[in-house]
Amino acid sequence: MTTNTSEPSLTLAGPADILAAVPYLVGFHPADSLIVVGLARGQVKVAARWSLPFPPGTLAPLPPLFEREGITRVIVIGYGPGERVTPAVDEARAFAARAGVEVDEALRAHEGRYWSYVCDVAHCCPPGGTPFDPTASPIAAEATVHGMVALPDRQTLENTIAPVTGPVRMAMRRATADAVAGFRAGLTAAADPDAFAREFVAHALVRVRAALAVHAAGGRVDDAEAARLGLDLAVVRVRDEAWTLMEDGHIGLWKDLMRRLEPRFVPPAASLFAMGSWRSGDSVLATIALERVLAIHPGYSMANLLMHALRNLLSPGMLRGRMPTPADLDTAMGAARASWLVPLLDLLDQDDQDGRNDRQDGRNDQEGRNDQKGWDDQEGRNDQKGWDDQEGWDDQEAPALRAATPAADGQSPPSSRRRRSL
């Protein structure tokens, strides 16, 4: 088997080579995982990973994937103890058989040894397993020379897009407070809320395009501009402008913003980062970003739509020619109006409530009161109200993706990388 596309490739001659290559296909050394590597004409087309254990039916999207990508052979690898891995490997092999796809190899790797499910010859596949060290393989060395990276584990990959901390976080917090104060002052002074909304959205669209240009030139927006963009992107029309303009080179801006923005402003930027990652073939990072969004706002529609696409192993190519242009958005949504600012106002109301609760908590601490349950409950109710109000506005988004994405089925999404070569 060889990896494919115009990137550097190498030949994988046996199980040890496969196990050495997998971390570079998924971006990190997997554990408690099932990996399915799909091949066409002897080259890797897709590598998908699921965490183990997973619920029944999780692998149901495999046959459509095989057909869509022209997969003719697969390699299945499970990482972990036999009682956890074997049922998953058996299910993957069964789906492949039903689809008429040949299973070249099926392996289980655990604690430095591997076993083959398709070989029962004792002298090459002993019952006690075969020792292997993926980091000592020449395949790993060659992949490293080609610039490929396999991080120690998924958590290390998550850390690469984790929120900033320390002085950088404090600086962004101050910049966000300034941006919020400026927005409030403008809104309070506005005689015509609709006119204020039109002016705000017009400036926001300019800021988004300017930020994309800065990053394309190798620059970075400062804290004040990043904070203003956080407010801008809370308006669905502004975020969707960025979505329709999406190019692979935009990922850097959305990664930077999702790491720097205050948590309540993260979902739009992180969803745009996930979209860009999915487009570029890195569903692993896309999934991690979407998990972060949904931890902040479980009902955020853009994140749910993208997560459904990943769960169903859909190709980002399904959107080719189907996404609207900025002009289409203008036609569909009309002129900006005050109601467009409702999601942003909800976020600011949430901030106000959190501040009031923090002040009350401080008074309670000062007075020696230990029972703060009433305040905690109130905070939870107010947070939920803000998100519920925003969900109605999010429902306006992404008709192309919504139409192309099968209904959610409650399964955990796989992490995958498409056409990733070594």
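Okay, let's start with the rings: there are four aromatic pairs in this model, where a pair means that the ring centres of Phe, Tyr or Trp (its six-membered ring) lie within 6.5 Å, with planes under 30 degrees apart called stacked, over 60 edge-to-face and the rest tilted. Before I go on, a word on the source: this is a predicted model, where local features need pLDDT of at least 70, side-chain atom pairs count only at pLDDT 80 or more, and totals for chains, interfaces and linings use all residues. Residues are numbered from 1 along each chain as its sequence is written, and side-chain values use heavy atoms, leaving out hydrogens and water.

So, one of those pairs is Phe183 with Phe200, an edge-to-face one, at 5.3 Å between centres and 75° between the planes. Where do Phe183 and Phe200 sit in the chain? Phe183 is in helix α6, residues 166-189, and Phe200 is in helix α7, residues 193-216, so to speak two distant parts of the chain, 17 residues apart. Helices here are DSSP runs of H or I with at least four residues, strands are runs of E with at least two, and both are numbered from the N terminus.

Phe200 has another partner, Phe196, and this pair is stacked, with 6.4 Å centre to centre and 25° between the planes. Those two are four residues apart in α7, which is about one helical turn. As a reminder, an α-helix has 3.6 residues a turn, so residues three or four places apart point the same way. Put together, Phe183, Phe196 and Phe200 make one aromatic cluster.

The cut-offs are under 20% for buried, over 50% for exposed and partly exposed in between, with a 1.4 Å probe and protein chains only.

Next, helix α14, residues 326-333. Its buried residues are Pro326, Leu329 and Met333. They span an arc of only 55° around the axis, so they are on the same side of α14; that arc is taken from the directions from the helix axis to the C-beta atoms. Thr331 and Ala332, on the other side, are exposed. What do the buried residues of α14 pack against? They pack against α7 and α9 (236-244), with contact meaning heavy atoms within 4.5 Å. Just after α14 comes Gly334, with a positive phi of about 75°.

Now a couple of loops. Ser137 lies between β6 (130-131) and α4 (138-145), and Ser137 is buried, at 11% relative accessibility. Leaving aside neighbours within four places in sequence, Ser137 is in contact with Asp17 and Ala20.

Gly100 is in the loop between α3 (82-98) and β4 (102-110), and Gly100 is exposed, at 64%. Pro63 is 37 residues from Gly100 in sequence, and their C-alpha atoms are 9.2 Å apart in space.

The charged end of Arg98 sits over the ring of Phe95, 4.8 Å from its centre, and Arg108 lies over the face of Trp115, 4.1 Å from the ring centre. The rule is NZ of Lys or CZ of Arg within 6 Å of the ring centre and within 35 degrees of the ring normal.
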